Structures are given as C-alpha cells and as structure tokens.
Amino acid sequence: MKTLIVAIAFFFMHLGMAQFGDIGELGGFQKGINQKPEFYILNWQPGMQLAEKTTALSIEVDSMGLQPLKALVDVNGRTVLYTSDISTPVCADGDCRSMEIRLYWTLLGEYAGFDRYRNAPLTKHDHDEFLSADYLKLHQLLMDDNSILKRRKIDELVDKPKQPEMEGVDAVAGATIKEVKESVVGGALYSCYSAWHLVHGPVKEQIKKRTLESLDNEKLFTMLQSNNSDYQLFVLKKLSESQYESNYVRIAEVFEIGIPLVRTFVIKNLPESFWDSEQLQKPFWESFSKVDINSRSLLLDHLENSPESVMKNLSGQLKGMTKNQLKIYLEYLASSEKINPQIKANLENFSSSDTEINAYLVTYFLEDYEQ
Amino acid sequence: MKSILATLCFCLLSFGMFGQDILVEAESFDNPGGWVIDPQFVQQMGSPYLMAHGMGKPVKNANTVINFPKTGDYHIWVRTMNWVPGEWEAPGRFQLKVGDKAFEKVLGKLSGWGWEYVDSLKIDSKSAQLELIDLTGFNGRCDAIYFSTSNEEPPSSPKKLAEWRKNLAEEPNAPEQEQSYDLVVVGGGIAGCAASIAAAEQGLKVALIHDRPMLGGNASAEIRVHTLGIYGHFERILKKLDTEHYPNGSAEAKLDQEKRDNNVKSYKNIDLYLNWRAYDAVAENDTVRYVDARQTSTGERKRFEAPYFVDSTGDGWIGYWTGAEFSYGRESVDTYGEEWEEWGELWSPKEADNAVMGSSVLWGSKVTEAEQAFPEVPWAMPVAKEYEEVNGEWQWEFSRNDLNQIDDAEEIRDHMLRAIYGSFSNAKEHPENDTRKLEWVSYLVGKRESRRLVGDHIFTFNDAKAGTKFPDAVVIETREVDVHYQTVLEDEKNPDFISEALFYKTPQYYIPYRSLYSKNINNLFMAGRNFSTSHAGLGGPRVMRTTGQMGAAVGLAASLCKKYDINPRGIYTGYLNEYLDLIENQKYLKIPKSKQ
C-alpha cells in the first residue's frame, strides 16, 4: 500500500516535470558523447566520439518500470560502453524526491561512471544540493562492488543498532555502522542506496551476456590494452597458449602496472612455454623490483626454470626480498654447483651491510657455502 | 620457593662440556612483573618467552632468584630478538641486572632470535636476584639468560639449540609423568571446551590441555572475538561457553570468560591443564598413543595417554605430529568446483596457491580526562604508512603468500603490532585525540585459517550452497559463507593489514560427522578450524558457535567409541542411529528420577 502511494505521488511529480519539457543537458552530452563522463573509471581516448545505439536491454527502476539501456558505439560501430538515463523517486519517511542521473557500465557490466544533469542536481534528505565532494563520494561508493549496501536492506542501515554498555571502552564502535557512514554521502543514504542497487543490479549480468555473445579476438585484444583490471582478468582467462606467447610484451606490461590481483593471476597462469624460453620470461623478471611482495613470491617459484642472467640480476635486488623470499633464493643458490663471481660479490656486499635487516641470513649462507 | 625450584630445574652441574653453567628460562621467573609469558611460537623459536607488552609504557621489572653452584667469574648471554630491525632504535630494548650490578649493555638489538652477550661478572655469593628492566614498553622479548664459566656462546640454530637445551636440563626423552584418560582434548578454544563437556557428561574421564591461563581461544578475554553462528543441537552446552554479540575487542569479553572458565571447571571428570602446551604426539600403526605437553612457565612435562584424542589446536598439531593428512592454502577452482563467478580469483583461484585468510590482532583505545602522550614509533611507520585509527575490528587482518600462518605467526603478530602502534600514532597527531590512550592491545594472534586435517569427507562450499543433508549431519549452520581477502590485492595503496569479506548467502547447511575425524589416523577426532574442509568451505563454519558444535559432536562420538571399543569411523559405519539419538537426547538435561 505504501509503495502504491509513493508511486502515485511520484507519477504526479514526474508529470509536473514533463510539462516543463526536457530535464536538461548533461555535462558534455548530446546524442552520444564526445567527452569523458564527469565521473569515469576507464581510459578515455582523446577525440573519441561515441554514438548511442538502442539495445534490447533495459533496466528496472523502482516503481518507474523499465528504462532503456543503450550501447555507446565508436566510429567503427563497436560497443565501448553501456548507458541509461535514470529517473527514479527516492523516498524517505514519505518524502519523495527525484533522482536524475546518467549511469555508465563497462562491457562486462561493471560500473564505469556517471554524469549529472546540469539543471537537476542530486539532493540530500534535507533538499540541500550535492557538493562536488559528495559526487566524488558517490562515485567511490559505486566503484565498490562489495559495498556493505549490497548485503543489507535499507531498513537495516537507518537505525543505529544498540551498542552495549562497555566497561570503559568508548572507542570500540560497531564496525557496521561506521562502514556505512564512511561509504555513503552524508544525508543521502537513500539516494546512495538506490544508485548502488541500480548500478549493481541484474543489469550487470545482461550486459556481460551481450558482450560474450559478440566476443571476437579483436575485442579481446582491445580489452587487453585497457588498464581496467576486470578487462585484463577477463581477457587473460580467454587467451590461448599461442595468444599468450604472441602478446607476451603487453602481458608483461600488465604484470608490471596491473593491480596485485591481476599480477598474481598472470604469473600463476603463464603457459609452461614461458618458463622454457628466456625471451618470454625475461620481461617478467625485469619487473621484480616493481611488483608487490605476493607477486615476487610467485615469480620466485620459477627460479629453477630461470636463466642465469635472472639469478645474477636478483643478486642485486636482495633488498627487495622478504626474509622467506631471500631464504628461497639462497636455497636455490645452494643447490647450484658453482656460484657466479658477480653473484658472490653481490652477496658479500649485502651481507656486510649494517642497514639490511636480513644481512645475517646471507652471512650464514656464505659461511655454510664456503665450508 | 617456586623460583628456587624452577631455577634448580635448569641449573646444572655438568662437568664436561658445559663447565659450570646455568640456564634460566625467562618464563620461569618467580615474578614476571609487567612482562607477559608468550608461548605461541614455541614450535618455531624453541621456547615460551617473556615479553614487555606495555603498549609504549615500560613495564615493571621481572625478577627471580638464581642459585649458583659455585662462586667465580661468569659470562652472561641473553637470548632475545630485535623484532623490528632497521634504521631506527630497536623498539623492544631492555637491560639486565644481577644482584646489585645493572649492566649498561642494552639488549633486544639482534636481528633474528639469538644470543646477545651481556658481560662477565664475578659472582661471590651462592644466590642472587636477577632482574629484567624494560626500557620501552614496546614488546622487548627475553627467552633465557645463560651464565657460563666458559666463554663459549651457546648455539643459535633452532635444531642445535633444542639439543643443547635438552642436554643442559638433563631431560630424558620421555616425560617422567604419565597420565591416562578416556579422552585427551588438546586446545581449549570453544571447540575443545565443548568436546570436553560433551564427553564428560557421558561419563568419560577427560584431559583438556590448553596453553593459556584462560579458556576460549579466539573468544577469550585475551583475544576477544565474539562467537557467531547458531547452536544447532548443542544449545545447552554452547551457552556455557559462548559470548554476547559485543563488538570485537570489547572488554565485555571478561564477563563471558568467567562464565566459561567456571562452567568447564564445574565438571569433576575434566582434568583441566591450563598453561600446558602440547609439544609432541606419537602414533604407532596409525593410532595416536600419546601427547606430550609442557607447563609453559615451569617447564614440567607430562605424557597423556588415551584411546581417543581430539585435535582442537586450531593448527592441527596433533594430526601433523602423528602423520595425519592435511591441507593448507586454496584449492584450484576445479578441485571441488567451488567457483563463484562474481568474485573469481578472490574466491577460488584457477591455480591452487598457498593464500589463506589472515590472522587478526584486536585492540582499542579510550578517551581519558588528561592529555596522553604516545611515543614516536618510526619502526611502525613502514607498515602503518598514512593509515590512522583508534581501534581495531575484524578487518585488521594480515596474510601474505610468503608467510605461513603457523611457521611465521610471530612475524604476522609483529606486523600487526606495527600496524596498530603506527596507526594509533597517526591518529594521535590530531588534537581531538590528545586525551586518548591505548587501552588494550592483544598480543595473541587470532587465527582464521591454518592446517586443515583431512577426514573421510572434505566439507566444501558446494555442501553449504546446496544445503546437502548428509545422513550423518551433526552440525547445522545458517550463517553466510564468508571468505576474506587482503584489500591490498585490489589496490596497492591500501594498507596490507586490512581485509574485506565476501559473503555468500546460503540456505541452512550441514557438516557431516565424517569431516570430524582423521582419514588415516584411526583414533583422532578434530574440531575447530582444523576440521576437514576446503579453503572456501571453511568460510562459513570457522566461527565459534559452529566450531563449538563440532566439538560437542565429537565429544559425544568419543563416548560411543569407548562404549563399543571402536574407532571414530566405526560410529558412522555401525552405530550412526545410536549416535544421532544420543545427540538428540542430550539437548535437555534429564530430570533425576528422585524428582520425577
């Protein structure tokens, strides 16, 4: 019943708005877009022009029914993004306001960004308009696909759960409430909640399905060029062994600049042929000092297949190894018959350092080795 | 008196290789003052040790009386470790005093556990007071003090050191005291307590061995994680042990602590060995014969024999020592088909790896009336970086693939201490925190995942997802499957000590009895996070009411094993109905006949 009243109220509200014509122009948007959306996570190629193309997909908006989901295509007709102009009521305690926003999704159905309408700013519960920082916070919230808003009903977020009396501990606050407060725009919980669930709702799967239906190598290689981690992981899971080999330069680049999650996937899933070829594995070892600790550990798992040049280079990078990583490196060295003079010199240099916390391990190693 | 006895245990008059030597184990000090006994890393560094856990304020001196076999010149070494070596003053510095002589040498400056030479001293009386003087309050640590008339440094490598200690103490291989029980439970977390109670209620004579002074493990007032999950069939027992749903780290844990300890102690046929840590177990013909344990401060040893054992150590130590199959790390997604596409690699990787959920160290601070200073902690900053916080919840968690949650637990704990002190120091930069002080920082690692022993059934995410109703379902749960990962995997700018949880909403699900005994060690039960499960499967039932259910279930099973003189598997193959009836019938206490 309550929902019905809200829907009727909003219908009249919207009717009123329609009488005044178009709700307004988007930042940089006419039919299609020719500039980067105001809040955006993908790379934007300078000069890119994207035209709108209708699709059979739609997004269900609370009490407003289905709203069309459009593809944004480049000059070659290839889909780059998906978008939808959202107009939805946001109601709290019977007070309803309209939320107007243009949302963008990636080819995999993940959140890509949003644009606001110049003359329809987002507002808070007290009708104050969003400030710039508020839009940015909304953007950050929408980027978090595992937000606490995902698992909770709106009612569970509003009332502060009872905090038990604590014996002198006033500082240990409940994490949940704190997490909600930290992630949503102050005074705009309902707008944030609605926007998050629109972005991360069933539309995700529909978009991904559409992309998979039209997937070809060209699209895969385009996605591999992207700096978007989801694209990178998606492509890395699809490539054949020979495609890994022919794209090894870009894959090594992704390994170097990607997020740790992507790096660990790369290193764990490189085809065996990489570890038989100095040329193919070399660029990965060259990133050793630039990547995170987990990725370094996974690289070190391949020491036994590495060429001597790698052992030499690593001997100059002992500083970047954790205690256990250094142990692995030294254990491998101990198994070799003869230690290269350059490696030995680097080890001696490291072991005599006063500031290296693991120098003692190398000292022990050298003592044992020389026995 | 105690101190004299303790010192005597380690004081030896060996006449050949050791000269006139005395080894004083720090954990045996008569009066530890403000230092705490830390037995968590015995298997890695060789011994319990004393630690000056003062949260930045030097703790009170620890002291003891030592007796010298003869007067003369002694060389003195202290076994210690600088827990954050680097380009700063070591955080945990302390000094030694023998009698009236306070040595200038500052200790706690050595990378890795080893012996620091203090000085030589002329001893001219038969006994003297030994004191440890903490200088920083930041976790200085002392394992032992060694006095020798010869100037030969004791060995450092763990293997040689263990041998040396054994010779020095003239310890025979086997403990001299042996005790027999119907059931030996190792590990007094919620699972171990529940197992002990359930078995004791059925008339079994139970030994419960636990390496801390209080029961509850992660739920104890020393770690302070609240219990989650449902009671299943064991509400009556688990209510004696669980906690309220206070925020993690809450001081309220103390109230539940008292309740839990009193309840377990009220069972006449549970022999409770608090402050005893198991250090070995031996199986013959794939059957556990005994567990050896050592008192964490006196060093006294006992051998525990029984027809049945429960491994509720969390780390699966009894299974490990006796050769039980176990797993560690994440299975590949295809091993059990545990994919959750939405979370891909974070949930279950294409290729197996050794990543696991991390360990937490909880902490909190409070606002006081007066301004509170906090020392500078440059050694904490490389971990904390810019992060600032005034308390820690479950998200304070650390796991990294070069660190094993068992072998490297000390480094993991220390990393968390750096994260805590550094983040608090950053928060103290703000004027609104001027009157805030650290109230409590745990020094115990609250682990989520380590070794998982393999049973006849390996519980997986799919069992939870499908709600498979096994014929031998003994544990019931409704809580979501919740697997953690480190947020630094998604963005290198994130601190490496903060995690995030992925929740999968399941229907009600069940754990079969077959996941609660070892596949290849005939008389070994397991309960707690080291039960038979996959990495993703552990995501749901790792919480403590669920592990408590496991404990109660194996305690009851043990009573039937005894009744029919069979091994745990025999219950499933031959007495399942009787076992399920027993579970049903224990739900409510029977009214005594006299009162009917």
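Confidence comes before detail. Chain A has an average pLDDT of 85, and 86% of its residues score at least 70. Where pLDDT is low, predicted coordinates should not be read in detail.

The next element to examine is a sheet in chain A. Six strands make up this open sheet, in the order β3-β8-β7-β6-β5-β4, and their pairing is antiparallel. At the edges stand β3 (39-40) and β4 (51-61) of chain A, each of which pairs on one side only.

One may begin at the edge formed by β3(A). This strand pairs with β8(A) in the antiparallel sense, over two bridges. Within β8(A), the residue opposite A:F39 is A:F114. How many of the five residues of strand β8 of chain A are buried? Five of the five are buried, so β8(A), which spans residues 111-115, is largely enclosed by the rest of the structure. The strand β8(A) also pairs with β7(A), again antiparallel, here over four bridges. In this pairing A:R102 has A:D115 of β8(A) as its bridge partner. The strands β7(A) and β8(A) form a hairpin with five residues between them, and in this hairpin A:G109 takes a positive phi near 80 degrees.

At the other edge of the sheet lies β4(A). Eight bridges join β4(A) to β5(A), residues 65-73, and the two strands run antiparallel. A:E52 stands opposite A:L72, which belongs to β5(A). A helix of chain A, α6 (residues 203-213), packs on the sheet and touches β4, β5, β6 (79-92) and β7 (95-105) of chain A. The direction of α6(A) makes about 145 degrees with that of β4(A).

Attention now turns to the place where the two chains meet. Here 30 residues of chain A are in contact with 40 residues of chain B. On the side of chain A that touches chain B, the helices α11 (260-269), α14 (293-300) and α16 (323-335) of chain A each supply at least two residues. The greatest contribution to this side comes from α11(A), with five residues. By class, this side of chain A has 15 nonpolar, ten polar and five charged residues.

Chain B may be approached through its domains. The domain assignment gives domain 1 (2-168), domain 2 (177-332 + 448-594) and domain 3 (361-441) of chain B. The C-alpha centres of domain 2 and domain 3 of chain B lie 31 Å apart. Their contact takes 16 residues from domain 2 of chain B and 21 residues from domain 3 of chain B. On the side of domain 2 of chain B that touches domain 3 of chain B, five residues are nonpolar, six are polar and five are charged.

Individual residues of chain B complete the account. B:G316 lies in the loop between β19 (308-311) and α7 (317-322) of chain B. Is B:G316 buried or exposed? B:G316 counts as buried because it has 28 C-beta neighbours inside 10 Å. Beyond its neighbours within four places in sequence, the contacts of B:G316 include B:D311, B:F326, B:S450 and B:R451. By contrast, B:P431 is 115 residues from B:G316 in sequence and 47 Å from it in space, C-alpha to C-alpha.

Two further residues of chain B concern the backbone angle phi. Most residues other than glycine have a negative phi. B:N275, however, has a positive phi near 65 degrees. B:N275 is found in the loop between β15 (270-274) and β16 (276-284) of chain B, and it is buried, with 20 other C-beta atoms within 10 Å. B:D286, which is not a glycine, also has a positive phi, of about 60 degrees. The loop that holds B:D286 runs between β16 and β17 (287-295) of chain B. B:D286 counts as partly exposed because it has 14 C-beta neighbours inside 10 Å.

How values were computed
Residues are numbered from 1 along each chain as its sequence is written. Chains are lettered from A and ligands numbered from 1 in the order in which they are written. This is a predicted model: local features need pLDDT of at least 70, side-chain atom pairs count only at pLDDT 80 or more; totals for chains, interfaces and linings use all residues. Two residues are in contact if their C-beta atoms, placed from the backbone, lie within 7 Å. Ala, Val, Leu, Ile, Met, Phe, Trp, Tyr, Cys and Pro count as nonpolar, Asp, Glu, Lys and Arg as charged, and the others, Gly among them, as polar. Domain bounds come from an automatic or database domain assignment. A residue is buried if 20 or more other C-beta atoms lie within 10 Å of its own, exposed if 12 or fewer, and partly exposed in between; C-beta atoms are placed from the backbone. pLDDT is the predictor's confidence in each residue, from 0 to 100. Two strands pair if DSSP finds at least two bridges between them. Axes are lines fitted to C-alpha atoms, for helices over the stretch in contact, and angles run from 0 to 180 degrees between N-to-C directions.
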